[in-house]
Amino acid sequence: MIEYALMLSVVAVALMSLYPKDLLKAVIIGTGIEGLALAVLYQELLASDVALTQAVIASTVLPGVFALTVYKTRRLEE
Amino acid sequence: MQTAAFICGGLLFMVGLYAVVFKDNLIKKVMGLTFISDSVNLVLIAMDYRPGAVVPIILPGVNPADFASTAAYPLTIALVLTNIVIAVATVSLILGLCIKIHGKAGTLSARRIWPDGQ
């Protein structure tokens, strides 16, 4: 039952992250939370090593790189 | 559950394509690219799923024939592991180009960088 909730939350969070005007909020929702839900879904789909890699990538590397880009450019979307 | 995972991958691909085509900010377009990459990974992982199977990690003392008949298929796991790392490198390169574009044009809005569809 948790798998269907995870699938629904992955798509809903991905769609929800496209609308905030604050780009830092959009980046944290869209790459961090979506990627971590996807990591738990990989564990439910019997791929443990992919789940480990996805958890590391989605919790630190991708939000860090996106947040660095937001810091270097501008935070609010015009 | 496998069919639901395929449908979820398709919906995630559509969300990413919507972001790439219709969103104006370049960072949101790059987020759409990561959604498309995640959806491809999800479809490939769901191809290996088998109901009632176990995680394909063999332990000492287990008969290999029994293990092969009960474990999930481990081929596309190896493919997806490479794909995740390559996607991170590609996204980092694209974000670096976005920083250079912002330094040259002063904005990240695609409508202002290329006015009149030029």
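How many residues of chain B are in contact with chain A? I counted 37 residues of chain B in contact with 36 residues of chain A, where a contact means that two C-beta atoms, placed from the backbone, lie within 7 Å.

**Ground rules.** I noted that this is a predicted model, that local features need pLDDT of at least 70 and side-chain atom pairs pLDDT 80 or more, and that totals for chains, interfaces and linings use all residues. Residues are numbered from 1 along each chain as its sequence is written, while chains are lettered from A and ligands numbered from 1 in the order in which they are written.

I looked up which elements of chain B touch chain A, and H1, H2 and H4 each give two or more residues. Helices here are DSSP runs of H or I with at least four residues, strands are E runs of at least two, and both are numbered from the N terminus. H4(B) gives the largest share, 11 residues. By class, chain B's side holds 28 nonpolar, 6 polar and 3 charged residues.

**Chain A overall.** I found 3 helices and 0 strands in chain A, running α-α-α from the N terminus on. Its C-alpha atoms fill a box of roughly 40 × 20 × 10 Å along the principal axes. Of the 78 residues in chain A, 42% are buried. Buried means 20 or more other C-beta atoms within 10 Å of the residue's own, exposed means 12 or fewer, and partly exposed is in between, with C-beta atoms placed from the backbone. Among chain A contacts between residues at least 6 apart in sequence, 58% join residues at least 24 apart.

**Helix pairs.** How do H1(A) and H2(A) cross? Their axes come within 9 Å and cross at roughly 160°. That makes H1(A) roughly antiparallel to H2(A). I used axes fitted to C-alpha atoms, for helices over the stretch in contact, with angles from 0 to 180 degrees between N-to-C directions; over 145 degrees counts as roughly antiparallel, under 35 as roughly parallel, 65 to 115 as roughly perpendicular and the rest as oblique. The contact residues include A:Leu6 and A:Val10 of H1(A) and A:Ile33 and A:Glu44 of H2(A). By class, this contact has 13 nonpolar, 2 polar and 3 charged residues.

Next I checked H2(A) and H3(A), whose axes come within 8 Å and cross at roughly 175°. H2(A) is thus roughly antiparallel to H3(A). Their contact has 18 nonpolar, 7 polar and no charged residues.

**The core.** Which residues have the most contacts inside the largest nonpolar core? They are A:Val10, A:Tyr42 and B:Ile27, in a core of 41 residues. Such a core is a set of buried Ala, Val, Leu, Ile, Met, Phe, Trp, Tyr and Cys residues joined through C-beta atoms within 7 Å. H1, H2 and H3 of chain A and H1, H2 and H4 of chain B each supply at least two of its residues. Leaving out residues up to four places away in sequence, A:Tyr42 touches A:Ala47, A:Val50, A:Ala51, A:Gln54 and B:Ile45.

**Single residues.** Is A:Glu44 buried or partly exposed? It counts as partly exposed because it has 15 C-beta neighbours inside 10 Å. A:Glu44 lies in helix H2 of chain A and touches A:Ile2, A:Glu3 and A:Leu6, not counting residues up to four places away in sequence.

A:Leu46 sits in the loop between H2 and H3 of chain A. I flagged A:Leu46 for a positive phi of about 70°, although it is not a glycine. Most residues other than glycine have a negative phi. With 21 C-beta neighbours inside 10 Å, A:Leu46 counts as buried.

Conventions. Ala, Val, Leu, Ile, Met, Phe, Trp, Tyr, Cys and Pro count as nonpolar, Asp, Glu, Lys and Arg as charged, and the others, Gly among them, as polar.
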